[in-house]
Amino acid sequence: MVVDFYKKLLTVLKDESRLVLMIVIANEGSSPGRKGFKMLVTKNQMYGTIGGGIMEHKMVELAESLLDKPKFEPFIKHQIHDKFAPKDQSGMICSGQQTIAFYDINTDFIPTVAQIILEDNCWISYSNLDISVNVETTETPEWLFKEKNVLTQKVYIIGGGHVGLALSEVLSQLDFELHLLDHRENLNTMQANDFVQSKQVIDFETIENHIPEGDDIYVVIMSFGYRTDDVIIRRLLDKNFKYIGMLGSVTKIETLFKNLEVDGFAKEKITKVHAPIGLNIKSETTQEIAISIAAQLIQIRNQNR
């Protein structure tokens, strides 16, 4: 997560006064490093990743060598993951390519880091000019990558049971902001869920008031049973989400969908629901189901990248 990375960067910078920041500003194809991946390097430590493998090893060596020299200006390195590429070979053969920006960071950068950590919903711009926060320049940069300091992909998990808890744990390690909803008071698995950014006990009859629409919203329905699932899907089916999926057996899903169609819900809306939810990996345990759902969310999120 962006803020977590910069909290670590601030700690390291206070200890060591200077570091090299590497950030992936562009990627194509099956590149192991994607836009926004970050890594810091000092003489004594490193943190984060730009994709791993021999490519990352070489870039770390380059960063370490830069620390032996005077201050440098921002620059980029292209890395092509193809041994037949005429130049910029990364040493990897996974295909795709990525571009990495290098920044010389010293204690003068601390106010910018503090702004990234403390200011809500701010834009961070990385260019050949500098790293800036919420600043628009009249000068046209040679290259530019922008990101927000908050997670923009939001998952609303409807159901605070065991699968909801397991899914929250898996997704908390990925780039999603998590919100948990249930209608049951004092649910022990919901109380034990410390992986989400928010959790609420609500009335499912008004659930549409608790989930915003948008192309960055993912809805996962895994409530207590058929009756509550039916209430929820009827109130959310006509809403605009990036993803909506429902946990349940094939028989349950078929029955529920058939009743929706009988009651006048459009078939094209119904078929947009991913149900049974998750990738078909023959999941049996709670943890396996959580992984299959997480994998499907990643697939949907990354399909147009």
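Biologist: Before we start, what are the ground rules here?

Modeller: This is a predicted model, in which local features need pLDDT of at least 70 and side-chain atom pairs count only at pLDDT 80 or more, while totals for chains, interfaces and linings use all residues. Residues are numbered from 1 along each chain as its sequence is written, and side-chain values use heavy atoms, leaving out hydrogens and water.

Biologist: OK, how many helices and strands are there in the protein?

Modeller: Helices (H or I, at least four residues) and strands (E, at least two) are DSSP runs, numbered from the N terminus. Here you get nine helices and 13 strands. The C-alpha atoms fill a box of roughly 70 × 45 × 40 Å along the principal axes.

Biologist: And what share of the residues counts as buried?

Modeller: Buried means under 20% relative accessible area, exposed means over 50%, and partly exposed is in between, with a 1.4 Å probe and protein chains only. Of the 305 residues, 45% count as buried.

Biologist: Which residues have the most contacts inside the largest nonpolar core?

Modeller: A nonpolar core is a set of buried Ala, Val, Leu, Ile, Met, Phe, Trp, Tyr and Cys residues joined through side-chain atoms within 4.5 Å. The largest one has 27 residues, and Tyr6, Leu9, Leu21 and Tyr103 have the most contacts inside it. Elements giving two or more residues to this core include strand 1 (18–28), strand 5 (97–106) and helix 3 (110–118). Helix 1 gives the most, with eight residues. Look at Tyr103, too: leaving aside neighbours within four places in sequence, its contacts include Leu21, Phe72, Tyr126 and Trp143. Apart from this core lies another, of 25 residues, with Ile158, Ile202, Ile217 and Ile221 among them.

Biologist: Now the strands. Which strand pairs with strand 6 in the antiparallel sense over five bridges?

Modeller: Two strands pair if DSSP finds at least two bridges between them. Strand 8 is the antiparallel partner of strand 6, over five bridges. Ser125 stands opposite Lys146 in strand 8. Strand 8 (residues 144–148) also has two faces: Phe145 and Glu147 are on the covered one, and Leu144, Lys146 and Lys148 are on the uncovered one.

Biologist: Last one: what does glutamate 16 touch, not counting residues up to four places away in sequence?

Modeller: Glu16 touches Thr42, Lys43, Asn44 and Gln45. Glu16 is found in helix 1 and is partly exposed, with a relative accessible area of 22%. The C-alpha atoms of Glu16 and Thr42 are separated by 7.6 Å, though the two are 26 residues apart along the chain.

Key: Contact means heavy atoms within 4.5 Å.
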